Amino acid sequence: GDGIQVLSPAASTVISANLISNNAGRGIRISGDAATGNQILNNYIGRTTTGIPPFLIAYTNGSDGVRLDSGADNNQIGLPLLGNTISGNGNDGIAIRDAGSVDNRVYAHIIGLAPDLLSKRGNAASGVAIASGARLNDIGGSRTLSQSNIIAGNTGAGVFGYGDTSG
């Protein structure tokens with residue numbers, strides 16, 4: 001199953017400072033139209049290798065590192081200086097899917113690389129995927145450089161939008 005699930009009507013949950021790895025499904029899933037105002041900050045998600053004992057080797061998650069779906073909206077995935085390292089997952093690093101999944105913000109991550117920014121730890125598909133009607137999501141911000149994501153080394157595109165989607 002998934003490592004952590006925040007399911008509607010859960011809201012305003014903070015997931016911070018964890019190693020989330022070796023799950024058969026997704027690392028973190030936020031799902032449902034009342035799953036709003038949640039934050040995912042400063043986690044190692046997937047095969048990231050922190051270098052801090054006992055976490056010298058971390059195993060991959062079987063699916064997406066982070067997935068927002070089924071109307072999850074207005075969630076904060078990373079902040080400047082509190083981004084996540086999301087690498088080596090079995091599908092997309094971050095997937096935002098389905099109609100109603102709007103106004104989510106994806107800032108300040110390392111996606112597809114180890115924390116040293118030198119070693120590839122690519123996700124098996126895209127770094128970030130927006131699909132199936134998800135709209136008006138902000139990937140990387142536009143106000144400051146500190147909101148930018150570093151996305152490299154993934155098998156698929158860095159950021160990939162498909163289906164009826166925008167933003």
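These notebook entries record what I looked up in a predicted model.

**Entry 1: Conventions.** I worked on a predicted model in which local features need pLDDT of at least 70 and side-chain atom pairs count only at pLDDT 80 or more, while totals for chains, interfaces and linings use all residues. Residues are numbered from 1 along each chain as its sequence is written, and side-chain values use heavy atoms, with hydrogens and water left out.

**Entry 2: The sheet.** I looked up the strand order first. The order E1-E4-E7-E10-E13-E16 describes an open sheet of 6 strands with parallel pairing. Strands are DSSP runs of E with at least two residues, numbered from the N terminus, and two of them pair if DSSP finds at least two bridges between them. At the edges I found E1 and strand E16 (159-162), each with a single partner strand, so one side of each is left without a neighbour in the sheet. From one strand to the next, the twist averages 10 degrees; the axes behind this value are lines fitted to C-alpha atoms, and angles run from 0 to 180 degrees between N-to-C directions.

Entry 3: I then examined strand E4 (residues 28-31) and strand E7 (residues 66-69), which pair in the parallel sense over 4 bridges. Opposite Ser31 I found Asp69 in E7.

**Entry 4: A cis peptide bond.** I noted that most peptide bonds are trans. The bond from Ser8 to Pro9 is cis, with omega near 20 degrees. I placed Pro9 in the loop between strand E1 (4-7) and strand E2 (14-16).

**Entry 5: Positive phi.** Most residues other than glycine have a negative phi. I recorded a positive phi near 65 degrees for Ala108, in the loop between strand E11 (105-106) and strand E12 (110-111). Ser132 also has a positive phi, near 55 degrees, and lies in the loop between strand E13 (128-131) and strand E14 (138-139).

**Entry 6: Accessibility.** I applied these classes: buried is under 20% relative accessible area, exposed is over 50%, and partly exposed is in between (1.4 Å probe, protein chains only). Ala108 is buried because its relative accessible area is 17%. Ser132 counts as partly exposed at 42% relative accessibility.

**Entry 7: Leu136.** Leu136 is placed in the loop between E13 and E14. With a relative accessible area of 57%, Leu136 is exposed.
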